[in-house]
Amino acid sequence: MRGLAAATPVLTRDVETGLGPWRDGLAGIAIFSGSLVATRLALGGFEAFFLTAARAALAGLAAGLALAAADRRRPRAGDLASLALVALGVVIGFPFLTALALQRVGAAHATVFVGLLPLATALFGALRAGERPGRRFWLFSLLGSAVTVAFAARGLGTASLAGDGLMLAAILVCGLGYAEGGRLARRLGGWQVIAWALVLSLPLSLPLMMLWWPAAPAEAPASALLGLAYVALFSMLIGFVFWYRALARGGIAAIGQLQLLQPFLGLVAAALILGERLEPAMFAAAAAVVACVAAARRSALSPARNSPDRG
């Protein structure tokens, strides 16, 4: 792990200050926002172990075809450790832990923890990528997280200690996977990072998918099949094409704040797919979060505020 003493400011010549990375990041978050709903649907027909292995294996096969078609060179030997961290965080860890958690808590309760993901991503961005956001960035990041968590936590039922522990672990490994992938994408490119991580996971994910193959997969409801297809192709692969490219171009800590919007977009997905009701308070909370994201972005991209000598 890189020492903080070797860290560099967030704003470097390699970080773009335009809107392009933010558009990519928002596209990635919009895709990820449907993941919890799709996972809940998939769990209606498949066990958590099979679902975790199948989504990684199916995405890995698709990624392998894409790499072969693009005739991409293999990553360097020095990249394998980083790709292993990406795989541990976003290919295996987060899907498996959230699938287990969603067997114990509802999607709304899990959303509370998703509100902590921007902080986890920023923290690992500092540790793994040497980013040094200033105090104002952390202030707005904390404020945005507090608004998101407070909104998502309203009216929740009895919590499950095991479910909460699984979700917290999922957030931590996901933040690590996001930060490590964003760092590596600066050299390899966004889609190559997730593609290689998925391909390198195939020796594990493919046998496990076959081991946990359900007795009668054809009897699974259509909603479960659609949920599996979504988390395999969109949540596991296509969303990361946009997300890692955004992190590499716009900065891990800064772009990571877009995740504050994910719970609200997730509620919209739940309303459209599951028929859940949208509340007026959601729009007020979302507006406050957007303001925090904008303020965090300005703080993260300010050379004066992100100088290593200025907090």
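1. Helices in this note are DSSP runs of H or I with at least four residues, numbered from the N terminus. The structure is a predicted model. With helices so defined, Tyr230 and Phe234 both fall in helix α10 (residues 222-250) and, being four residues apart, are separated by about one helical turn.

2. The rings of Tyr230 and Phe234 form a stacked pair, because their centres are 5.2 Å apart and their planes meet at 15°. Both members of this pair are partly exposed: the relative accessible area is 25% for Tyr230 and 35% for Phe234.

3. The count of aromatic pairs in the model comes to 12. One of them joins Phe32 and Tyr178, again with stacked rings, at 6.2 Å centre to centre and 15° between the planes. This pair links distant parts of the chain, since Phe32 belongs to helix α1 (residues 20-32) and Tyr178 to helix α8 (residues 161-188), 146 residues apart.

4. Are Phe32 and Tyr178 buried or exposed? Phe32 has a relative accessibility of 4% and therefore counts as buried, the cut-off being under 20%. Tyr178 is likewise buried, with a relative accessible area of 4%.

5. Helix α8, which carries Tyr178, may be checked for its length. The expected span is 1.5 Å times one less than the number of residues. For the 28 residues of α8 this gives 40 Å, and the C-alpha atoms at its ends are 40 Å apart, so the two values agree. Just after α8 comes Gly189, with a positive phi of about 100°.

6. Helix α7 (residues 135-152) contains Ser141. At 0% relative accessibility, Ser141 counts as buried. What does Ser141 contact, leaving aside its neighbours within four places in sequence? The residues in contact with Ser141 are Leu119 and Gln257.

7. Leu139 also has its place in helix α7. In contrast to Ser141, which is buried, Leu139 counts as exposed because its relative accessibility is 53%, the cut-off being over 50%. Leu139 and Ala296 lie 157 residues apart in sequence, while their C-alpha atoms are 8.1 Å apart in space.

Key: Residues are numbered from 1 along each chain as its sequence is written. This is a predicted model: local features need pLDDT of at least 70, side-chain atom pairs count only at pLDDT 80 or more; totals for chains, interfaces and linings use all residues. Side-chain values use heavy atoms; hydrogens and water are left out. Rings of Phe, Tyr and Trp (its six-membered ring) pair if their centres lie within 6.5 Å; planes under 30 degrees apart count as stacked, over 60 as edge-to-face and the rest as tilted. Helices (H or I, at least four residues) and strands (E, at least two) are DSSP runs, numbered from the N terminus. Buried means under 20% relative accessible area, exposed over 50%, partly exposed in between (1.4 Å probe, protein chains only). Contact means heavy atoms within 4.5 Å.
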